[in-house]
Amino acid sequence: MESHLDQANWTKSSYSQANGNCVEIGLSVELIRVRDSKNPQGPRLQFTPTEWDAFLGAVRNGEFDHRPGHAS
């Protein structure tokens, strides 16, 4: 039997690299899921649409840019 996680419509990031370091997003009716394309059966994150919007807003605002030489 197929689980709800397997029923998501998975899409690979347009920023994917040729070396296979990719993130896939799975959209379903109620949740947005994120997985590593190299390990599709591995761990997955899931977000409600509200959580996903907040996450994307934080990315756009640079809240996760904690690399040396970047403002935090």
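Reader: Before I go on, what are the ground rules here?

Author: Residues are numbered from 1 along each chain as its sequence is written, and side-chain values use heavy atoms, with hydrogens and water left out. Since I said predicted: local features need pLDDT of at least 70 and side-chain atom pairs count only at pLDDT 80 or more, while totals for chains, interfaces and linings use all residues.

Reader: Fine. In what order do the four strands sit in the sheet?

Author: The order is 1-2-3-4 in an open sheet with antiparallel pairing; two strands pair if DSSP finds at least two bridges between them. Strand 1 (9-12) and strand 4 (44-47) are the edge strands, each pairing on one side only. From one strand to the next, the twist averages 25 degrees. Axes there are lines fitted to C-alpha atoms, for helices over the stretch in contact, and angles run from 0 to 180 degrees between N-to-C directions.

Reader: How many bridges between strand 2 and strand 3?

Author: Five, linking residues 23-27 with residues 32-36 in the antiparallel sense. E24 stands opposite R35 in strand 3.

Reader: And where does helix 1 lie?

Author: Helix 1 (residues 49-60) lies across strand 2, strand 3 and strand 4, at about 105 degrees to strand 4.

Reader: Switching topic: R33, buried or exposed?

Author: R33 is in strand 3, and it counts as buried because its relative accessibility is 5%. Buried means under 20% relative accessible area, exposed over 50%, partly exposed in between (1.4 Å probe, protein chains only). Over the chain, buried residues make up 25% of the 72 residues.

Reader: OK, pocket time. Which residues line the largest pocket?

Author: Among them are V23, I25, L45, F47, W52 and F55. Helix 1 gives the most to that lining, with four residues. The space in the largest pocket is about 220 Å³.

Reader: What counts as a pocket, and how is the volume done?

Author: On a 1 Å grid over the protein atoms alone, a pocket is an open set of points where a 1.4 Å probe fits, with protein on both sides within 12 Å along at least five of seven lines; lining residues have an atom within 4 Å of a point. Grid points are joined across faces, edges and corners, and the volume is the space filled by probe spheres set on the points.

Technical notes: Helix = DSSP H or I, 4+ residues; strand = E, 2+ residues; numbered from the N terminus. Contact = heavy atoms within 4.5 Å.
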